[in-house]
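User: Please take me through the model by question and answer, with cut-offs stated where a term is used.

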Amino acid sequence: MNVHPAALHRNKIPVFLTLLSVILIAGFVFFFYTTPGTRIGPEQPIPFSHRVHAGVKDIQCAYCHPYVRYSRHPGLPPVEKCLHCHNHIIRNHHWIQKEHAYFSTRTPIPWKKANVLPEHVLFNHQRHIQKDIACKECHGLVETADRITGKIFLMEFCITCHRQKNANVDCWLSCHG
Amino acid sequence: MNRRRFLKISGIGSIAVAAGCTAEAEKTLFSLIHAPDDMVTGKAGWYASTCRECPAGCGILAKNREGRVIKLEGNPAHPINQGALCMRGQAALQGIYNPDRLQTPLIRESGGWHPVSFARAAELIIQKARAAGQNGPNRVRLISEVVGDTLSRVFQDVLQQWKSDGPLLFEPHAFESLKAAHDMVFGAPVLPSYHMDQADILVGFGADFLETWLSPVEYARKFKAMHALHNGRKGVFIQISPFQSLTAANADHWMACRPGSEATVVFGLIRKLHSSGRGAEIPGPIQNQISRICDTLTRSEVCRRAGIRKADFDMLSNRIIDAESPLILGSGPGMDSRTAMHTDIGVSLLNLILDPALPRHDFQNRHRIECAARRSDVSAFFEAIDSEPVELLLLHNTNPVFTLPSAHRLTEIISRESLFVVSFTNFMDETAELADLICPIQLPLETWDAYEGKTRVTGTLQPAMGRLTDAPAIGDLLLRCAFSDQQPVSDYKSHVAGQLNIQSPADWVNAVQAGGIFNQSEGPPFNPGLSVGELPLDRMMPDSPDDRPGAGLIVMAVPSLRFYDGRGANKPWLNETPDPLTLICWQSVAQVHPQTMAARGWKQGDVILFQSDFGTIKVPVFEWPGIHPDAVAMTLGQGHTGYGRYAQNQGQNPLTLLAPGQNPLTGGPSYQVPLSEVRALGQNESLAHLDGSRTQHGRAIALTCDIQTCHLPSPDSGQGLGMWDFPLTLPIPEGYDIRRDIYPSHPHADYRWGMVVDLDRCIGCGACTVACYAENNIGVVGEKQILAGREMAWLRIERYLDPDDMQKIIFLPMMCQHCDNAPCESVCPVYAPHHGREGLNNQIYNRCIGTRFCAQNCPYKVRRFNWLEWDRPKPLPLQLNPDVTVRSAGVMEKCSFCIQRIKDGHDHAKNENRLIRDGDITPACVQTCPTHALVFGNFMDPESRVRRLADDPRAYQVLGYLNTKPAVIYLKKIVQTLDNAIVSWPGRPLPG
């Protein structure tokens with residue numbers, strides 16, 4: 001295709017605008033998907049480190065997520081439970097001070113949800129734990145990460161495993177409802 | 001659209017897209033401060049309590065998830081309701097989470113409402129009450145709904161502290177005539193409970209015991225106990241009334257009598273019994289009186305006055321005379337006070353003549369509502385406020401300005417300048433609007449209390465949820481106000497424990513966990529003593545209907561199954577669920593006989609102005625054969641001018657037509673009034689009704705069978721392919737027939753879920769419908785969308801009239817049939833309806849693209865499309881069941897057999913390493929049914945209840961000849977034709 005230079009010259013404003021928008025969109029996509037901040041999970045009100053607690057200190061998952069064996073939700077530790085240890089350990093650290101402040105003002109900690117399940121899908125932790133599916137099979141190696149990156153669970157992830165393990169793949173009985 | 005607007009809108013659009021654009025869908029997870037011992041995230045906790053939506057006092061179990069109550073179920077251990085609950089009980093949740101619930105006290109200052117703190121409100125009450133107490137005796141008055149003994153005594157103590165008389169317990173439906181009749185005949189104004197289940201014939205003169213009368217859930221159960229098939233026989237129920245209520249629609253025979261002629265029929269029966277030598281035990285003076293009154297009431301005279309057939313009257317009297325254990329029930333709603341009194345006296349005498357020992361009356365275990373004040377006392381109470389120097393009026397959970405016909409006079413009294421009015425209520429109702437201070441208090445599901453539904457049944461109430469407001473309990477607040485620092489007990493809760501005579505903390509825990517203390521034997525025994533003197537019967541010659549004044553039409557105002565006295569009108573579920581007979585939601589109508597409609601040239605929905613001597617009302621008319629041509633029936637409870645967004649300006653209040661006075665003998669009000677003028681206004685209103693048709697047009701939908709032949713297999717059913725000879729085909733592999741089926745059958749591993757619906761037990765009360773709304777997060781669409789045909793109920797009660805006999809009504813609960821050969825599954829382009837391995841017809845919301853082909857192809861019309869995003873103003877979303885997803889616009893949905901409960905059943909069974917047992921899983925509709933009309937179970941298990949019930953010769957499938965193989969098996973309703981009873985609905989030309 002031959003482009004007459006005069007045509008480019010005549011249409012220089014539209015051509016400029018088109019090029020500009022292409023560059024802007026490409027830039028947006030690049031920064032949106034590749035900047036370091038997009039892949040390290042949401043920022044939490046207190047920078048709790050799973051690496052320190054589950055990795056270095058080797059605390060069992062179910063100590064802080066106590067209902068995981070007998071309820072669909074694993075449960076979050078109540079503020080009180082954090083202070084069981086942190087009344088004694090690094091109690092004057094400024095993040096622990098913030099924890100104390102939540103406790104003494106009776107404010108629930110607004111943790112940010114890192115793992116996301118699609119709409120109209122319900123997951124039951126109890127069933128998976130009782131089948132001896134380790135936490136890490138879905139959640140990965142949380143003991144190596146300071147900040148939880150989390151995961152957006154998609155159907156393929158669930159159904160691949162369900163098929164491999166010959167588990168229930170009925171729509172309502174297994175996930176939807 | 002001009003260019004400017006286009007730019008504006010596209011600008012908003014791109015900003016919205018940018019704002020919504022993040023890499024993570026961020027949601028917040030809040031952690032608790034302390035973990036309560038009895039709360040596990042994701043698991044329900046159950047708290048036993050007592051329902052306070054009406055004075056019956058049913059026991060409930062409140063299901064708590066993460067601190068909020070999400071569902072109410074009947075307490076199976078409670079003697080009154082035994083696990084069932086009516087639709088009003090189910091909807092109590094929408095009182096707690098009502099978006100119009102008041103959060104703080106409001107004070108009227110300079111013409112407007114201003115929020116104040118609870119402490120300030122208490123201060124004001126203390127200040128006003130102390131001043132009133134110092135100024136003289138009896139200057140503080142308290143009017144309350146019927147409460148338990150404990151709270152009632154607290155009211156008494158508190159008022160005494162302020163030198164005033166005790167409280168007035170007010171209920172709009174207080175059964176004055178029944179109490180007065182029992183006073184005259186049995187010697188005390190009591191409301192005994194009835195062993196209806198032990199009767200072989202039940203005759204009612206209007207009592208609507210399946211809707212609002214005394215204790216509807218209890219009597220629905222007892223009624224079906226006597227009316228179910230036992231050894232080829234069932235009890236007989238005959239109702240005589242001008243209006244066919246839901247109760248009358250469940251009768252074997254309903255006789256439409258002229259309004260005001262019920263007592264004539266009762267005394268006609270007494271005369272007949274008397275002449276056959278019954279009633280010798282009655283004291284002489286009364287016998288003489290009876291003969292005097294009944295003298296002229298010959299068979300033909302009774303039939304002439306009441307407008308009933310002689311054959312019907314003969315049948316009725318013969319049935320009663322022959323009965324072994326008859327029970328006669330008295331007056332019902334919508335009667336004028338004189339007739340009601342005559343009827344109830346007559347009925348008491350009739351019961352006495354039939355069975356002098358009164359074995360089916362339980363005078364030891366009486367209904368709590370007997371402590372409600374008579375209407376005349378209520379009027380006197382308000383008049384006294386006007387004439388005496390009363391300074392402070394306290395109103396507790398009561399709305400007399402709406403529920404009494406004398407609204408003008410009450411408004412005048414309550415708004416008097418020198419009177420300070422405090423309304424303890426959570427809603428801005430018509431009475432609260434006139435108060436000076438509105439103080440919200442804890443609702444029954446948030447508070448400690450006790451309530452004696454019956455003399456020997458004490459129900460306890462406990463907080464079943466976290467707090468939504470800072471409101472105090474009324475008991476605590478008043479004790480604090482009256483006694484400040486020298487309170488007799490530390491708080492109201494310990495007061496309750498003291499009243500219940502509980503010694504140890506363990507006993508207290510046991511009582512609260514059980515939901516109360518049942519079958520107490522304490523209390524003095526009550527023996528009905530027949531009065532030996534003359535009864536005040538002299539002026540009680542029943543009216544002759546010929547000398548009625550007016551335009552010939554009489555209005556009957558009947559209490560509503562949905563709204564009771566109007567307190568349910570602010571609950572969206574109750575508005576959205578249709579009236580069981582008219583199937584109209586949100587609106588109120590006047591029910592008029594087709595003959596009257598034709599004679600006056602009215603058409604369905606024409607707005608008519610009805611005028612009595614006391615007021616006027618404009619209501620659309622609804623053609624309905626179940627009413628006497630002289631009567632117009634309107635249900636009470638709607639037509640609020642306040643009471644929140646769902647009640648305000650919705651429907652009409654027929655109380656405005658009624659006379660404000662009371663009967664001097666009973667103290668009861670009249671719910672009937674002759675119309676002085678009736679005029680069509682030339683407007684027509686579209687009625688928001690849910691029935692496509694009143695009749696079945698000869699299709700095999702809701703079927704009946706005769707009691708004589710119901711044990712025999714239907715002669716038609718065989719191996720044909722027609723509507724009547726298509727065989728019952730269970731939705732299991734055995735149901736496959738190579739001659740009929742194109743597709744192979746579905747394999748089902750261990751389970752194939754299904755339901756059996758016994759049409760002979762279904763009374764059409766709609767409790768299941770509301771339970772389904774609560775359990776499954778179903779959207780409420782509102783009047784406008786109902787008119788557009790967009791209702792969302794997963795379970796509806798269809799009502800069909802018999803074209804040959806319009807008084808014969810059959811109710812059919814219709815939900816997704818979970819067909820094994822489902823027409824919806826084969827037409828979806830994206831496989832959103834999917835056949836599950838346990839036979840459920842799964843609807844996958846994520847897949848659904850909203851073509852609506854499935855709804856089009858469903859012969860049962862049970863699929864519901866979300867045309868819009870349904871409105872749930874805060875805090876209504878707190879009620880949502882977290883185990884069920886909330887569907888959004890553009891998605892099809894339908895009954896899932898409560899898949900979340902099936903999954904729970906699987907969980908339990910897997911934890912215990914066993915298979916699911918029959919009865920482990922109970923869907924919400926099955927759970928709440930007062931008459932056990934629904935049974936859920938596994939068709940693959942040959943021993944399951946559903947499988948055995950499917951072998952009943954009455955079993956059939958709705959539209960089964962379409963070879964859909966539905967998993968809902970219906971059992972035909974058993975009808976019995978009573979000898980001599982000839983089809984005689986009003987308006988039909990009488991043969992002979």
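User: In β1(B), which residue is the bridge partner of Trp111(A)?

Analyst: This is a predicted model, where local features need pLDDT of at least 70 and side-chain atom pairs count only at pLDDT 80 or more, while totals for chains, interfaces and linings use all residues. Residues are numbered from 1 along each chain as its sequence is written, and chains are lettered from A and ligands numbered from 1 in the order in which they are written. β1(A) and strand β1 (residues 28-30) of chain B run antiparallel and are joined by three bridges (strands are DSSP E runs of at least two residues, helices H or I runs of at least four, numbered from the N terminus). Within β1(B), Trp111(A) is bridged to Leu29(B).

User: By class, what residues make up the side of chain A that touches chain B?

Analyst: The contact takes 34 residues from chain A and 34 residues from chain B (contact: C-beta atoms, placed from the backbone, within 7 Å). On the chain A side, α5 (79-86), β1 (110-112), α7 (125-130) and α10 (171-175) give two or more residues each. Taking Ala, Val, Leu, Ile, Met, Phe, Trp, Tyr, Cys and Pro as nonpolar, Asp, Glu, Lys and Arg as charged and the others, Gly among them, as polar, that side has 18 nonpolar, eight polar and eight charged residues.

User: What does the C-alpha trace of chain A span along its principal axes?

Analyst: Of the 177 residues of chain A, 14% count as buried (20 or more other C-beta atoms within 10 Å of the residue's own; exposed is 12 or fewer, partly exposed in between, with C-beta atoms placed from the backbone). Among contacts in chain A with a separation of 6 or more, 66% join residues 24 or more positions apart. The principal-axis spans are about 75 × 50 × 30 Å.

User: In β17(B), which residue stands opposite Val422(B)?

Analyst: An open sheet in chain B has seven strands with mixed pairing, in the order β6-β5-β17-β16-β15-β7-β8 (a pair needs at least two DSSP bridges). β6 (112-115) and β8 (168-169) of chain B each have a single partner strand at the edges, so one side of each lacks a neighbour in the sheet. Strands β16 (residues 420-424) and β17 (residues 437-438) of chain B run parallel, joined by two bridges. Opposite Val422(B) is Leu437(B).

User: Which element gives the most to the side of domain 1 of chain B that touches domain 4 of chain B?

Analyst: An automatic or database domain assignment divides chain B into domain 1 (32-169 + 371-527), domain 2 (176-358), domain 3 (549-684) and domain 4 (704-975). The C-alpha centres of domain 1 and domain 4 of chain B lie 40 Å apart, and 16 residues of domain 1 are in contact with 19 residues of domain 4. On the domain 1 side, β4 (68-74) and α2 (87-90) of chain B each supply at least two residues. With five residues, the element that gives the most is β4(B).

Key:
Two residues are in contact if their C-beta atoms, placed from the backbone, lie within 7 Å.
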